[in-house]
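Have the model open as you read.

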Amino acid sequence: MTSLPNCPQCGSEFTYADGSNFICPECAHEWAQAAVAATETARVYKDAFGNVLNDGDTITVIKDLKIKGSSLVVKVGTKVKNIRLTDGDHDIDCKIDGIGAMQLKTEFVKKA
């Protein structure tokens, strides 16, 4: 049996499903099951210090990063503007001046 979410209005744990809605018997609040599913699947991206990252943010690299197949290095303190968050092993797609298109991991950056 799957556990139902608590009521977002009063916090009651006695919610029940009725069709495509959840209903709280204590405060009579109704909300859509689709809204709950959307919030549960949304991934939150955080930098090395726990700050939440969003598309379009500016970040700073906190560690020298060697680029595979090249002698180039992304130096500490490099600012990257207008990032795009993606799913996968590397969470950030971006363009770095002087290097080009890159993919970075969130554990090596901080929000600027």
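How much space lies in the largest pocket? About 320 Å³. A pocket here is an open set of points on a 1 Å grid over the protein atoms alone, where a 1.4 Å probe fits, with protein on both sides within 12 Å along at least five of seven lines; lining residues have an atom within 4 Å of a point. Grid points are joined across faces, edges and corners, and the volume is the space filled by probe spheres set on the points.

A word on the ground rules: this is a predicted model, where local features need pLDDT of at least 70 and side-chain atom pairs count only at pLDDT 80 or more, while totals for chains, interfaces and linings use all residues. Residues are numbered from 1 along each chain as its sequence is written, and side-chain values use heavy atoms, with hydrogens and water left out.

Back to the pocket. Its lining is made up of L65, K66, I67, K68, V74, H90, M102, Q103, L104, K105 and F108. That splits into six nonpolar, two polar and three charged residues (Ala, Val, Leu, Ile, Met, Phe, Trp, Tyr, Cys and Pro count as nonpolar, Asp, Glu, Lys and Arg as charged, and the others, Gly among them, as polar). Strands β7 (65-66) and β12 each supply at least two lining residues, and β12 gives the largest share, with three.

Zooming out, the chain has one helix and 13 strands (DSSP runs numbered from the N terminus: helices are H or I with at least four residues, strands E with at least two). The C-alpha trace spans about 65 × 25 × 20 Å along its principal axes. Of the 112 residues, 28% count as buried, meaning under 20% relative accessible area, with exposed over 50% and partly exposed in between (1.4 Å probe, protein chains only).

Now for the strands. Three of them form an open sheet in the order β9-β6-β13, with antiparallel pairing (two strands pair if DSSP finds at least two bridges between them). β9 (79-80) and β13 (109-111) are at the edges with a single partner strand each, so one side of each lacks a neighbour in the sheet. T60 belongs to β6 and stands opposite K79 in β9. Elsewhere, β11 and β12 make a hairpin with three residues between the strands, where G98 takes a positive phi near 85°.

| Antiparallel pair | Bridges joining the strands |
|---|---|
| β6 and β9 | two bridges |
| β11 (residues 92-96) and β12 (residues 100-104) | five bridges |

Is T60 buried or exposed? T60 is buried, at a relative accessible area of 10%. Its contacts (heavy atoms within 4.5 Å), leaving aside neighbours within four places in sequence, are G77, T78, K79, F108, V109, K110 and A112.

G56 sits in the loop between β5 (52-53) and β6 (59-61). At 38% relative accessible area, G56 is partly exposed, and it touches N82 and I83, not counting residues up to four places away in sequence.
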